[in-house]
Amino acid sequence: MNKAAERHAGAGEYTKGGRAVAKRIKNTGRRKRKNPPWITAVQIAFVALLLLWMQFAVQNEWISRVFVASPSQIVEELLYMLNENSLWPHLNVSLREVALGYAISAVGGIGLGVVFVAFPLTEKLLDPLMAAVMAVPKTAIMPLLIVWFGVGFKSKVVLVVLFCFFNVLYNTVTGAKQTRTEHLKLARVFEASRTQTVFKVLLPSALPSIFNGLRVTAATAITGVVFAEMAAARNGLGYLLNESQAVLNTPRLYLVIILVTILSVLFVGLVNLAERIICRRWKPDAAV
Amino acid sequence: MPTIEIRNITKEYESEGEERTYALQDINLTVQDGEFLCILGPSGCGKSTLLEITAGLLPQTGGEILLDDALQSGTSRDIGVVFQDSALLPWRSIRRNIEFGMEVAGVGREERRARARETIEFVGLKGFEDKFPHQLSGGMRQRAGLARTLVANPRVILMDEPFSAVDHLTRLTLQDEIVRIWQRERKTILFITHDVAEAVYLASRIVLLSPRPGKIRKIFDVPFERPRSRSDAELLSIVERIYVEINKPASDEETEYSI
């Protein structure tokens, strides 16, 4: 609700509160304090125990093989699929869908965000429409997307875009609205043009918020693509999950879940890396 | 020769259901060429409002601002502003911050570099040009903010309590610095402060504002050569006179209310 209120405030108003919240989120999200070694040891031991339990529980049939796969089964399944070359085609398709959908969302979201910021009237005009589209649970649109774009590549990309685009857009716009009033006055004192103000002041101010959007969206993109492929597809990791479930191939289910998780973590890591490279030398939230 | 003329400037805010409140009422002030003028007043007396109107950042309700006898509307590259908290852009290095105004004005890269280098040296930031704002102390950031204004070479510099965010000792150094800059560049400076001693040390003329509505209460001349001594008896007597004026009730009418 707060976010919506901020959007309705129009580009002329600049909230301080949002910035403070963003700062707090940022500070907790990054630079974790180092734990004493024994805590790490306990954590590792816990995971190891869990894996061991899975291994023995499955081997000794304490629990049905339909429910749990042992680590060795999962590794075996991985090797089998690699050997058969039955994993890469699916992974490849999913990666391409995510990459294209995410790229369109990032470029389009930031691009339209810039237009909204530069011409507040466009935001006012399009805001209700955007809010309406945003309010639709995206998963409900999937069947329609299949009707429109088929069960192939296109419908997946479109769903990823629907999942990600608005997030990037509104992070760009709210980020720009958090630009410090002094910085805007500065631009006016030096008689910067609208374009100069947008690109030299508003967008750089929005950058931390844009990256927050891109970070959240990175994980959402993976979720979106897996969901879309589970709904209807002939290939991809989501399809693989459906297929494995149908034939009760539990180790393969575990394998794909792990794979999707790794992808998601890697993707978010990649965005973090990009942020660190771009914002390497300045602290976005440093009080200056 | 007057550089800036402030004529009958009034700023009122209308709030719903209430009477209008005057932030500034009928301010008349002429700032001479090369003058160092301090506007002194307690917080809430509208001195920042007056500065923003002069800078063209805020529209006035009535009255006009003249720069070199020409009517001003909006901002002008002839009027530079030094902000209270330096307002450096955190994503730019000090050098690039100082170049901001020239960059916006379309000054070529070579010239930008050269002029920035000279100014950086002048304000004592040599060796820090590639640092980022968060790596500098408050005093140094304020020097950078000053350099950013100086390098654009405006006719008039408006300063909005520029030293209020730094510690006392740094503040004294920056005051000396600003006197040195003013003596060399002979810019017209309009300096806003709430610190009486600072105003007396810096200014050739002090305009005392009183709050609600913001009005000119009295103007003090400080006709002494620079550099001045902070412990000079004549300066201290002016400080004394200003304090007396501030503590004196504005009019009989007001006395009744304050009892």
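These legends describe close-up views of a predicted model. Residues are numbered from 1 along each chain as its sequence is written, and chains are lettered from A in the order in which they are written. In this predicted model, local features need pLDDT of at least 70 and side-chain atom pairs count only at pLDDT 80 or more, while totals for chains, interfaces and linings use all residues.

**View 1. The overall form of chain B.** The C-alpha trace of chain B spans about 65 × 45 × 35 Å along its principal axes. Its secondary structure comes to nine helices and 10 strands, where helices (H or I, at least four residues) and strands (E, at least two) are DSSP runs numbered from the N terminus.

**View 2. The largest nonpolar core.** This core has 128 residues, and those with the most contacts inside it are Val160(A), Leu37(B) and Phe191(B). A nonpolar core is a set of buried Ala, Val, Leu, Ile, Met, Phe, Trp, Tyr and Cys residues joined through C-beta atoms within 7 Å, and a residue is buried if 20 or more other C-beta atoms, placed from the backbone, lie within 10 Å of its own. Helix H8 (residues 153–177) of chain A gives the largest share of this core, 15 residues.

**View 3. The surroundings of Leu37(B).** Not counting residues up to four places away in sequence, Leu37(B) touches several residues, among them Val31(B), Ile189(B), Phe191(B) and Arg205(B); contact here requires C-beta atoms, placed from the backbone, within 7 Å.

**View 4. Where chain A meets chain B.** In this view, 17 residues of chain A are in contact with 21 residues of chain B. On the side of chain A that touches chain B, H9(A) gives the most, with six residues.

Conventions. Buried ≥ 20, exposed ≤ 12 C-beta atoms within 10 Å, placed from the backbone. Contact = placed C-beta atoms within 7 Å.
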